[in-house]
Amino acid sequence: MSLKEHHPDVVDDVGVTEDGLDGDAIADLLGDNVIGREQHINAPGFVIRPDAVEDVLRTLKQEAGFDHLSCLTGQQYSDRYESIYHMRKYDDPTHEVSIVVPSPRDDPHNQSAASVYDTAIWQEREAYDLVGIDYDDHPDLRRILLPDTWQGHPLTDDFNQDQPQVVSLRKHANPLEQDTNHPDDPDTMLVNIGPHHPATHGVLHLKTVLDGEQVASVEPDIGYLHRCEEQMCQNGTYRHQIMPYPDRWDYISAGMLNEWAYARAAEDLADIEVPEYAQVIRTMAAEQSRIAAHMLALATFALDVYGDFTAIFQYAMRDREETIKLLEDLSGQRIMFNYFRLGGVAWDLPEPREEYFETCREFLAGLPDKLDEYHDLLTSNEIFQMRTVDTGILPPERAKEYGATGPVARGSGIDYDLRRDDPYGYYDELDWNVVTEEGCDNFSRVLVRMREVEESARIIEQCVDLLEEWPEDEREIQANVPRTLRPDPDTEIYRAVEAAKGELGIYIRSDGTDKPARFKIRSPCFCNLQTLEEMAEGEYIPDLIAALGSLDIVLGEVDR
Amino acid sequence: MQSAPLPETMANLLGLDPEGPIVIFVMAIIASAVIASALLGLVAVSGIWGKRKITAAFTDRIAVNRVGPFGLLIIVADAVRLLSKELIIPDGVDRPAWDLGPLIMVFSSIAGFAVIPMGAGVQIADPEVGLVYVFAMASTASVGLVMAGYASNNKYSFLGGLRAVAQNLAYEIPLVLTGASVVIFAGSLQMSEIVAAQQGSLLGPIPQWYAFVNPFAFGLFMVANLAEVGRNPFDVPEAPTEIVAGWQTEYSSVYFVLAYLSEFLHIFLGGAIIATIFLGGPAGPGPAILGIVWFLVKIMAVYLFTQWARSAVPRVRIDQMIEIGWKGMLVLSFVNLVLTAVIVGVMV
């Protein structure tokens, strides 16, 4: 398989034809395990037997090249539960299949995929937590976002929202009393890093078992920032009420990118054509957002390795401010943009346009010098290299197992970028490169982000040129979209964009009303965070912190 | 150049007999109080106000500028703020040790100043083993760190305490050995003698300071001193992003002030040692009375260096730090010591 993965041209993966994926060939491959066929907008769907999940997924992974379990959606119908495994390929993410696993309404359970993909461990825990599907043979089926004491599963229609939740608070209990030792090894010590800790980038709790200064095991405990984003989106109407929410997932100024994830999914679902002019504006805004997000990632990583609000942190914040100002001019907001609309953007570029282009160009012209300064201060600093090179190793095979995407995957040499591989917006018309680094370590991940800033700058530059030349009478920023959007009933779609942290996907199922019946967010940070154990175990505490910093997680997006 | 220690000078000025044990005892206490107060004032200005201004300058910010001229009254505001905070004593702390930790740290750094000749006759005592005494005092702080780390009943404090010991062991030896190479040059452990040995010119306008005589030793000492005072790249005992605040995690209010104070005093003591044994002590142009000014300038230069390192240099990992100490610095400091001995032996 490894040969095939590296040479996509010579792969004779099952079902790959010139026109795309041939569902029949895949159905043949899966044989008796398929009990029905569906057609999702993005991919063919195969309904399989609940006890054949492992078998089917392993076959698809090993024989058809679907090495990326992108997302797992659990949902409840009036007569059954359903788990949908959205699978695609790292080599060509346009090759997608949806594996639909139905399970009975009275006792929802089906086989677990955890033995095939490591990323399924967390994703199935989430489906169990929120929807209540039991996964047989799952190694560690516990709640992941909600507290262990939570009663019921909130994304089911029989969930009683008014019932009191029992959270046992033992007064004056010393939480450290019981855990001084790891049960297997009396020489170890459990340290709770977080939820209040300077380096957890939000409210993250790492249950870390230390052997001296070394990390024996680390288990991220998430959910402190769970804000029911999926359910809130299910309660909003497609047209206007959902768009403000994506800004709040990855709230580190990556709002434009998040909005695009929803816009792309909903537009494809409702078959809305976006005017080209609006696509160029979107592309430009998204890349400005990406620069701002990567600058902050750089700043906080420097903070983790340097230890104080040092020069790099402040410099990066200063330079991020410039992109934020550009975005503020464009959208009227600094962080929570709410600038995208289904079918276009909220408004045209700010007047006078020349002034805006001028500011953009000034920023772009100054950027190379600034990046040089970062390279001087950071990447060419020998102590920095001592700290980051060959620490937090994430080999590409393991990264794929965990469904890692974005700079984390590209820092491990995985050439995967949805902007190029599954084009949307105006990206395929522009001249830019996907950045990868082969080091698989903390240093590579930082370097990838810094080089991506350069590529984003190239994209913005080309967009500015295009926008400046755009004929005045063709500046159409918004397609004609009905006031109330009601996509066809029983249509399903999973669409993803390349957000700042990786593949930000959204699954929407429509039931014919003006609100989604199921709205599932595939968060890149959620999947990337799962790789922390892989990177940190056996390393020293400082490397655990550096690895966490290099993942660049935002808890708002992890917990949603 | 040699002048009597400060208590004797004061006794003479007051017309008292400096040989009388009670007189000299009282005078020593007064002199110590004066110097300690001056030091605290120095810390107040440079620790509360100066640190902010310096770091801000390095990191492209403005820092305090609203309270009083140049924001100087922030010192008063901060003092009130820090002292009026609630002193939180966590459950299960080992009381006498937990209380003593910060006190020992402050005591050790202030006591070190007793033998430092600051110019203009400001030196409380001038024992023949002055350099040994000051090193001994400076490293007593480690005891305080361990007490604070162990007694806090907090895992971060515990880790910080362990790191502090490991770090001090790894760097104290190179520090002392490099200091010993100066002793070989000067032929004395007495602080005033070491200062006196640096008078005169080495080459044209360059004074005969040991920093110029042996720049290698000076560099080693500066690096070891960064570790000794726990500043980047060697701030592992506190390492805010790793172990929260290390040994000082559980200290609040007055105890935090003491911990903070001891850090700055320690930096100044390090600066004072460097100024004395490498930078000619109070030597400088102008009349001898200006010596104390030059001395303060030198201490501030070392302080500035530590703040610069803090703003610009990443922190090394604990194992890397131990490695640098035991495998690099220790070897280099032995090499330096032997070379110095050979050179001095051949020359003299």
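**Entry 1: helix packing in chain B.** I looked up helix α2 (residues 21-58) of chain B and helix α11 (residues 253-278) of chain B, which pack at an angle of about 100° with their axes 10 Å apart. α2(B) is therefore roughly perpendicular to α11(B) (65 to 115 degrees; axes are lines fitted to C-alpha atoms over the stretch in contact, and angles run from 0 to 180 degrees between N-to-C directions). Helices here are DSSP runs (H or I) of at least four residues, and strands are runs (E) of at least two. The model is predicted, with pLDDT of at least 70 needed for local features and 80 or more for side-chain atom pairs, while totals for chains, interfaces and linings use all residues. Residues are numbered from 1 along each chain, and chains are lettered from A in the order written.

**Entry 2: residues at this packing.** I noted B:Leu39, B:Leu42, B:Val43, B:Ser46 and B:Gly47 of α2(B) meeting B:Tyr260, B:Leu261, B:Phe264, B:Leu265 and B:Phe268 of α11(B) (contact: C-beta atoms, placed from the backbone, within 7 Å). By class, this contact has eight nonpolar, two polar and no charged residues.

**Entry 3: strand β7 of chain A.** I found seven of the nine residues of β7 (residues 96-104) buried, so the strand is largely enclosed by the rest of the structure (buried: 20 or more other C-beta atoms within 10 Å). Strand β6 (residues 80-88) of chain A runs antiparallel to β7(A) through nine bridges, and A:Met87 stands opposite A:Val97. Strand β4 (residues 44-48) of chain A runs parallel to β7(A) through three bridges; A:Val47 has A:Val100 as its bridge partner.

**Entry 4: the two chains.** I recorded 24 residues of chain B in contact with 28 residues of chain A.

Key: Two residues are in contact if their C-beta atoms, placed from the backbone, lie within 7 Å. A residue is buried if 20 or more other C-beta atoms lie within 10 Å of its own, exposed if 12 or fewer, and partly exposed in between; C-beta atoms are placed from the backbone. Two strands pair if DSSP finds at least two bridges between them. Angles under 35 degrees count as roughly parallel, over 145 as roughly antiparallel, 65 to 115 as roughly perpendicular and the rest as oblique. Ala, Val, Leu, Ile, Met, Phe, Trp, Tyr, Cys and Pro count as nonpolar, Asp, Glu, Lys and Arg as charged, and the others, Gly among them, as polar.
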